[in-house]
Amino acid sequence: MSLPNPPQNESPLLEIRKVSRHFGSKPDIATRISIALGAAKPPPVVHALDAVDLVIRRGEVLGLVGESGCGKSTLGRIAANILQPSSGSVFWKGTDRSKLNGRALRDADLAAQMIFQNPMAALNPRMNIETLVSEAPAIHGMIKGSRAAYVDEYLQKAGFDPDMKRRLPHQFSGGQRARVNIARALAVRPDFLVCDESVAALDVSIQAQILNLFMDLREQLDLTYLFVSHDLGVVEHISDRVAIMYLGRVVEEAPVEEVFAKPNHPYTQALLAEVPRIRPGKRKFEAIKGELPSPINPPPGCHFHPRCPFATERCRTEIPKRKEIAPHHYSACHLNDEAA
Amino acid sequence: MKPLLDVRGLVTEFPIGGNQGLRAVDEVSFKLNRGEVLGLVGESGSGKSVTGFSIMGLVDKPGKVSSGQILFDGEDLATQSYEQMRSLRGRRIAMVFQDPMMTLNPVLRIGTQMTEAIHAHEKVSPSQARIRARDALGMVGIPSPEERLDAYPHEFSGGMRQRVAIAIALLHRPDLIIADEPTTALDVTIQAQIISEFQKLTEEQGTAVIWITHDLAIVSGLADRIAVMYGGRIVESGDITTVLEAPHHPYTRGLIRSVPSENSRGTRLAQIPGVTPSLARMPAEGCTFRTRCERATDACRVRPGQFGNELDYHRCFHPFEEKLA
C-alpha cells in the first residue's frame, strides 16, 4: 500500500514533541524533609518515556512495536489523551493540546479513541451492549434521531448483529466483544484510533477477521490508527510506517517496507530476526542476549548498549540523536556517524 | 523403532448430566519418537490442552479418559493407578505450563522447590540435590545459578521464571516434556531464547517434546511433525513441511492463510467464516468443521475417518490436493 501523501503545508494529525512520562510516588512533607537532610532516599521513579518525538499523519497507520515494559502503551495512552505527559507537549492538528479548552478540548478528546487489549475488562459487565455503545454519544448529544437506530448503525459497522444488543458482555465470545469495543469507540465518530494490543488476546482465525475489519473501517471512515503491538507480523501486515521503541525511547522509525527490508538500529535488526514466520524447515532460534533493563534505573548513553554487540565507549556515555538516514527513515544509533 | 509415545483413539469426556458427556478429546491418535518434536496446534477450545492433561493423568474430575490407550514406552498410562502415575510424573514425563507464576510456589525459595522435586523421586543427600538443582538452572541459561537458588519466584522476570519451570521439568531428565503454550506470555526475544533451550534439549538429550500452541509460526521452525486439532479431533496430522506446504484439510488451510505474513501487506487476510462453536454446540454428527466449511456437502454429515496412513492423515471428504499458493 502506498503512503498517503498529504499536502506539504498541512499539519499532522498528532505530533508528540519531547514527551517524557515518569511514574513514581510523590513524597509527603516529612519524607521531603528527610530527603533534604540526606536521611532518606528519594522514591524510585519509573522513566516510562524519555523525550519521545513522534508524528502521526492524517490517514496513516503507524505501528508501534517493542517488548513489554518499553513504554509503548504509555505512549499510546498519551496519544489518546487519557494520560498527560510529565514534560513535553502534544500537538493535535497543529495546536498544543494543553492550550485547548471548552468545546475544542471536548472535540479533540472525542476525536481520539482507544481500543484496549482485554475486551472483557473494557466493558462494564452490568450494561447491555446497546447502553455500552450509546452512552458516550448520548451524553455528548451526538444522537439526533432514534437511539436504537444509531446503535444499530455502529454495531453493523463493526460487524456485530444488532439483534443481540440487549444482551450482556459475558454472553459473547472474545471476537464479538472486540467488535463491541470497536463499535463503542466508533460511536463518538473519532478521527483517530489507538489500538493497544487490540488483537493480542484473540485466536488466529478471529484475529484475521478483526484485522480485516480495521482495514475496512479505515477505508470507509477515513481513520488514522496508532497500532500498538508486540506482534511484528500483525504490525507488518497493517501498518504504513513503523516506530520501534526500546526502554522509553523511539530508536527507529521508517516506512514499513523499509524497516523490514533494511533495519538500521541493532535492536531492530535483532528484533526482526526473531519474528516467527510460517516457513517450512527447521530454523535455529538465536536470541538477543539478556533482557530489557529496568526503567527505574535505565543505563546511561544509548539504552541498548548493554545488549548491543556493536557497542563502543561512546554508546555508554552519549545519548544517540535521531537522524534521517534515508528519506523518511530515522534511526538513533552512533554507528551511523562512523559509517558516514 | 518402537515409538516412545503411542496414543490410540484417546477419548476424554466431561459429564454434563444424564448419561451424556462432552467429548473434549475425541478419538485422538498420534505417535512420537525419542528426540522428536510434535506441534499440537489448535485454537481455544480445540482440546489440545486436555490432550496434554490426559497424557499426564491430570484431567480434573468429573472429567475422565473414557476410552483409548496412551502407550508410553509400552505401558498404557490410561490404566495406571494414581501411585504409578505419580511416580512417572516429573520423573519420566514432565509438563511446562503457560504461566510460570502459577507453577511456582510464591512463598518458597527456588532452591527449596527444586530440591523438593528431586527428593520426590530419588533418595539423595540435601547437598547433592542442591548441586543438581544448581546445574539444572545453569543448563537453562540462568546467570549465577548458585545465588539464584536462594531467590523467590517474584524476584525473577517472566522469561527467567519460565526458565526455572523448565529447569524443574529437566531435573530427572524426562523422556517426554509436554509444553503447554510455554512462550505465549513472553516477548519475542525471550521466546526465541526459550525455544533455543528446547532445541538444545532435543538434540543433546533426545528428549521428546509435545509443543502445544496456537502459533503456527513457532511450530513451523521447531517441530518435526504437526497435528492440527479442531473440535476435539485431530483433523490433520503429518510431517511439518508436507502439511504446511500442501494442507489437505480446509481448516488447516484456513488457519495458515489467516496468519499475517510479509506478502499479505495491504491485502485482506483470508477469513474462516464464523467462530469456533463451544463443545456443547459442535455439530453432533459428522465433521465438526462442516458448519464453517465452504466445501461442506451432505457427505460431511457422516463422521470422516482417517484418510491416509496412521502417521500422515487427514479427516476430510473433500480434501485439497494442490499446494498452498
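Helices (H or I, at least four residues) and strands (E, at least two) are DSSP runs, numbered from the N terminus. The views below show a predicted model, in which local features need pLDDT of at least 70 and side-chain atom pairs count only at pLDDT 80 or more, while totals for chains, interfaces and linings use all residues. Residues are numbered from 1 along each chain as its sequence is written, and chains are lettered from A, with ligands numbered from 1, in the order in which they are written.

View 1. P62(B) sits in the loop that runs between α1 (48-56) and β4 (64-72) of chain B. The peptide bond leading from K61(B) to P62(B) is cis, its omega being near 5°.

**View 2. Packing of helices α6 and α7 in chain A.** Two packed helices are described by the angle between their axes and the distance between the axes. Here helix α6 (residues 174-186) of chain A packs against helix α7 (residues 204-221) of chain A at an angle of about 15°, and their axes are 10 Å apart; axes are lines fitted to C-alpha atoms, for helices over the stretch in contact, with angles running from 0 to 180 degrees between N-to-C directions. α6(A) and α7(A) are therefore roughly parallel to each other, on a scale in which angles under 35 degrees count as roughly parallel, over 145 as roughly antiparallel, 65 to 115 as roughly perpendicular and the rest as oblique. The crossing of α6(A) past α7(A) is right-handed, a term used if the near helix is turned clockwise from the far one by less than a right angle, with left-handed used if it is turned anticlockwise. On the side of α6(A) the contact is made by G174(A), G175(A), A178(A) and I182(A), and on the side of α7(A) by I206(A), Q209(A), I210(A) and L213(A), where two residues are in contact if their C-beta atoms, placed from the backbone, lie within 7 Å. The residues of this contact of α6(A) with α7(A) comprise five nonpolar, three polar and no charged; Ala, Val, Leu, Ile, Met, Phe, Trp, Tyr, Cys and Pro count as nonpolar, Asp, Glu, Lys and Arg as charged, and the others, Gly among them, as polar.

**View 3. Packing of helices α7 and α8 in chain B.** Helix α7 (residues 158-170) of chain B and helix α8 (residues 188-205) of chain B have axes that come within 10 Å and cross at roughly 15°. α7(B) and α8(B) are therefore roughly parallel to each other, and their crossing is right-handed. G159(B), Q162(B) and I166(B) of α7(B) make the contact with I190(B), Q193(B), I194(B) and E197(B) of α8(B). Sorted by class, the contact of α7(B) with α8(B) has three nonpolar, three polar and one charged residues.

**View 4. The contact between chains A and B.** Chain A gives 38 residues to the contact and chain B gives 41 residues. On the side of chain A that touches chain B, the elements giving two or more residues are α7, α8 (232-238) and α9 (256-261) of chain A, and α7(A) gives the most, with eight residues. That side of chain A has 18 nonpolar, 10 polar and 10 charged residues.

**View 5. I244(A) and the largest nonpolar core.** A nonpolar core is a set of buried Ala, Val, Leu, Ile, Met, Phe, Trp, Tyr and Cys residues joined through C-beta atoms within 7 Å. The largest such core has 170 residues, of which A183(A), F227(A), I244(A) and W211(B) touch the most other members, and its largest share, eight residues, comes from α7(B). Leaving aside neighbours within four places in sequence, I244(A) is in contact with residues including V65(A), V250(A), H265(A), Y267(A) and L271(A).

View 6. C300(B) lies in the loop between α11 (250-257) and β11 (307-308) of chain B. C300(B) is buried, as 21 other C-beta atoms lie within 10 Å; a residue is buried if 20 or more other C-beta atoms, placed from the backbone, lie within 10 Å of its own, exposed if 12 or fewer, and partly exposed in between. Not counting residues up to four places away in sequence, C300(B) touches G286(B), C287(B), R290(B) and F317(B).

View 7. K18(A), a residue of strand β1 (residues 14-23) of chain A, has a positive phi near 50° although it is a residue other than glycine. K18(A) counts as partly exposed, with 13 C-beta neighbours inside 10 Å. S144(B), in the loop between α5 (126-139) and α6 (145-148) of chain B, is not a glycine and has a positive phi of about 40°.
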